[in-house]
Amino acid sequence: FLVEESGKNECEAACFIKAPATALENLKCKIVNDISSLVVDDSEELVSNVISIECSDDGKTIPFPINIAIPFTSCFRGNYREIVVKVTDVNFQSNYLTPISLEGYQGNHKETFAEVKIYQLGVFSVLSCLKKQTFTVPKVGLSQKLSVDSRISFYYPPETFSSPAPMQLKVQPIEPSLVSTLKARHDMYHAVVSASALVYVQHPSAQPFNSSVTITLPCPPNPEKKREEDETEHARAIRATVKRVATAYHPRAVNASLRKNGENLSDTLKLLGHRNKEEGWKVFDDVIIQNARNGLVSFELNEHLESFVVIRFSFLLENTYLLLFARALEEAVCSTMANVILYRKRENPYKIVVLLSASKELTCELQNLHEEGYFGPPEPTQQFPLREGEQVHFRFRGNIFASENGKDFGKVYRLIFHSQRKPRLKLQIKEVDEFGNHSSPHYKGTAVFYKITREMITKKWEQPLPYGEYQHQSPLCKLALTLPKHEKLINRPRSTRRVSSDSSEALWDNLLYWLAEELAEDNTSLLALCLPVRRSVLQLVRLKCPDNLTHQIYELLCCWKKTLPRSADKQQLLSHYLRKSGRSDLSEELCFKWQNKVFT
């Protein structure tokens with residue numbers, strides 16, 4: 001097996017290769033996650049490192065086939081998805097390999113591995129893809145239920161095709177929550193009730209249909225209509241009894257009542273699809289869709305469509321809005337709502353971590369960061385949609401910049417989004433100008449984030465980060481940062497050094513520290529002291545002394561004292577605030593110590 005350095009002092013198993021010893025000597029393997037945007041397409045999810053395997057000696061011949069096993073971690077696989085290994089060559093031509101094994105062990109290593117037999121070298125990645133089902137329609141016809149969802153079926157009558165025709169199908173399920181989200185964002189989709197799964201069909205032989213194909217698939221019914229049907233079923237016996245009793249007296253009234261009770265919510269079903277991507281989505285008004293039992297619908301199709309979906313809506317909706325909904329739906333199933341998190345180390349605010357997290361996993365991710373010792377502020381950004389493989393570039397502005405290695409500051413940084421992986425960067429931040437932000441108790445800066453779509457990424461194996469200002473596009477989001485200022489020690493010549501003959505300053509330092517210890521013993525909060533200080537001072541104190549309440553209170557008292565004019569009666573003012581916060585005992589003791597010049 002080959003091992004690749006993953007940074008610092010750790011080693012990571014890039015992959016395991018089973019081949020003759022002479023072949024292994026000539027193979028070179030490395031992890032190239034920086035190019036992961038180039039190896040994923042829509043509906044594909046990266047679940048492993050991106051591995052590059054090449055021959056170190058062009059004059060040597062590799063005895064193919066050889067076996068390669070790549071470790072991966074996958075969740076949310078479900079019945080609609082499968083694990084495949086994608087091989088990409090230098091010209092970005094790709095092949096998909098079905099693993100011959102998904103073993104949990106390779107030697108002494110316990111992980112999940114995708115093992116495949118390869119006949120060429122290149123760039124390898126393990127993906128979670130929509131499961132592909134392949135079958136052949138013979139001349140005698142075929143009734144086929146899909147393995148991914150047995151409720152979806154295709155019936156090809158005899159002589160549908162003049163010769164056997166292979167078919168390849170994929171199914172993208174549509175969650176009801178996704179439809180609800182689109183309706184909440186856009187009022188024009190309010191009439192939409194539900195949508196069937198998106199079905200993708202490849203028809204390689206391109207034979208014309210000699211007869212119509214019957215397709216059945218689930219499209220969830222209107223919940224209001226279902227509730228009405230349940231109520232109707234429950235009341236049917238009562239109405240039958242009322243009818244028998246009342247017919248003899250008021251036949252016309254009973255008939256009118258039955259007609260009123262028989263009215264229900266009427267849904268409309270429309271088929272949308274496209275023959276090819278260039279042509280785009282189209283509404284097929286001439287296709288009649290029938291409701292079957294248990295939320296199933298069926299219709300007949302007399303031409304090939306590359307993809308299609310059935311939309312159920314409660315009242316008439318213009319075709320223009322239906323087409324917009326279909327495009328929005330197709331885009332939404334390929335996107336994931338995500339957030340940017342920028343947290344700092346509690347014991348060292350100069351160390352930060354920046355990561356992309358799927359919004360549905362945000363709470364869990366924040367909890368994990370807290371366990372690692374990372375906390376806000378700033379809080380995570382608002383959520384935004386990202387497709388698999390899209391990038392977020394960011395840089396720092398203002399009086400704060402960052403570095404990965406502690407040396408190279410001011411660079412642009414990159415996070416590549418993959419819904420089943422957790423891209424993160426650990427950085428060190430520092431102030432640009434130690435004399436900047438002179439009117440603020442801390443240094444200020446901003447992290448500015450930009451979204452880079454897959455279409456904006458050039459297809460090159462080398463992916464350098466740009467240094468531009470991104471003036472051509474608006475920021476995706478921004479996060480404000482602060483850093484505590486250091487107390488500067490100024491070394492003056494002896495002739496200019498200030499000498500204080502007044503021992504009151506030393507007395508005050510001792511008194512304030514004694515007071516901080518007394519207050520900390522009772523877990524007194526900073527806000528409970530009622531001192532007239534800014535909120536930014538409280539934040540600064542918490543950042544400087546995150547785990548020591550005594551030091552926090554002492555720093556707060558010192559900051560308060562520095563804001564007072566020299567002529568102020570500090571003892572009288574502090575006694576007043578102590579009484580105001582309910583500590584009259586400490587107020588009296590402070591007065592005694594000050595009057596008697598007690599230093600301890």
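Mentor: Start with proline 377, which sits in the loop between β27 (374-375) and β28 (384-387). Keep in mind that this is a predicted model.

Trainee: What is the peptide bond from glycine 376 to proline 377, cis or trans?
Mentor: That bond is cis, with omega near 0°. Phenylalanine 64 and proline 65 are also joined by a cis peptide bond, with omega of about 0°.

Trainee: And where does proline 65 lie?
Mentor: In a loop again, between β5 (51-55) and β6 (66-72).

Trainee: Switching to backbone angles. What is phi of asparagine 294 near?
Mentor: Near 60°, which is a positive value in a residue other than glycine. Asparagine 294 lies in the loop between β22 and β23. Its relative accessible area is 75%, so asparagine 294 is exposed.

Trainee: What about phi of asparagine 437?
Mentor: Positive too, near 50°. Asparagine 437 is placed in the loop between β32 and β33 (442-452). Asparagine 437 counts as partly exposed, because its relative accessibility is 25%.

Trainee: You mentioned β22 and β23. How do they pair?
Mentor: β22 pairs with β23 (residues 296-301) in the antiparallel sense, over 2 bridges. Glutamine 290 is opposite serine 298 in β23.

Trainee: Which strands make up the open sheet, and in what order?
Mentor: There are 5 strands, ordered β14-β15-β19-β23-β22, with antiparallel pairing. β14 (142-145) and β22 (290-291) are the edge strands, each pairing on one side only.

Trainee: Now β26. Is that strand mostly covered or mostly open?
Mentor: Mostly covered. Of the 8 residues in β26 (residues 351-358), 7 are buried.

Trainee: Which strands does β26 pair with?
Mentor: One partner is β25 (residues 335-345), antiparallel, through 7 bridges. β25 and β26 form a hairpin, with 5 residues between them. Arginine 344 is opposite isoleucine 352 in β26. Another partner is β32 (residues 424-431), also antiparallel, with 5 bridges. There, lysine 351 stands opposite glutamine 428 in β32.

Trainee: Cavities next. How many are there of 30 Å³ or more?
Mentor: The count is 2. The largest cavity holds about 80 Å³ of space.

Trainee: What lines the largest cavity?
Mentor: The lining includes Phe154, Tyr156, Met167, Phe209, Leu301 and His304. β15 (153-156) and β19 (213-218) each give two or more residues to that lining. By type, the lining has 10 nonpolar residues, 1 polar and no charged.

Trainee: Tell me about phenylalanine 209. Where is it placed?
Mentor: In the loop between β18 (198-202) and β19. Phenylalanine 209 counts as buried because its relative accessibility is 18%, and the cut-off for buried is under 20%.

Trainee: What does phenylalanine 209 contact, leaving aside its neighbours within four places in sequence?
Mentor: Thr160, Phe161, His203, Leu301, Asn302, Glu303 and His304. Take leucine 301: in sequence, phenylalanine 209 and leucine 301 are 92 residues apart, yet C-alpha to C-alpha they are 8.9 Å apart in space.

Trainee: Last topic, the cysteines. How many disulfides are found?
Mentor: The search of the whole structure finds 0.

Trainee: Are cysteine 29 and cysteine 477 buried or exposed?
Mentor: Cysteine 29 counts as buried, at 11% relative accessibility. Cysteine 477 counts as buried too, at 13%.

Notes: Residues numbered from 1 in each chain as written. Predicted model: local features only at pLDDT ≥ 70, side-chain atom pairs only at ≥ 80, totals over all residues. Heavy atoms only, no water. 1 Å grid on protein atoms, 1.4 Å probe; cavity = no way out; pocket = protein on both sides within 12 Å on 5 of 7 lines; lining within 4 Å. Points joined across faces, edges and corners; volume = space filled by probe spheres on them. Helix = DSSP H or I, 4+ residues; strand = E, 2+ residues; numbered from the N terminus. Nonpolar A, V, L, I, M, F, W, Y, C, P; charged D, E, K, R; others polar. Pairing = 2+ DSSP bridges. Disulfide = S-S within 2.5 Å. Buried < 20%, exposed > 50% of the residue type's maximum accessible area, 1.4 Å probe, protein only. Contact = heavy atoms within 4.5 Å.
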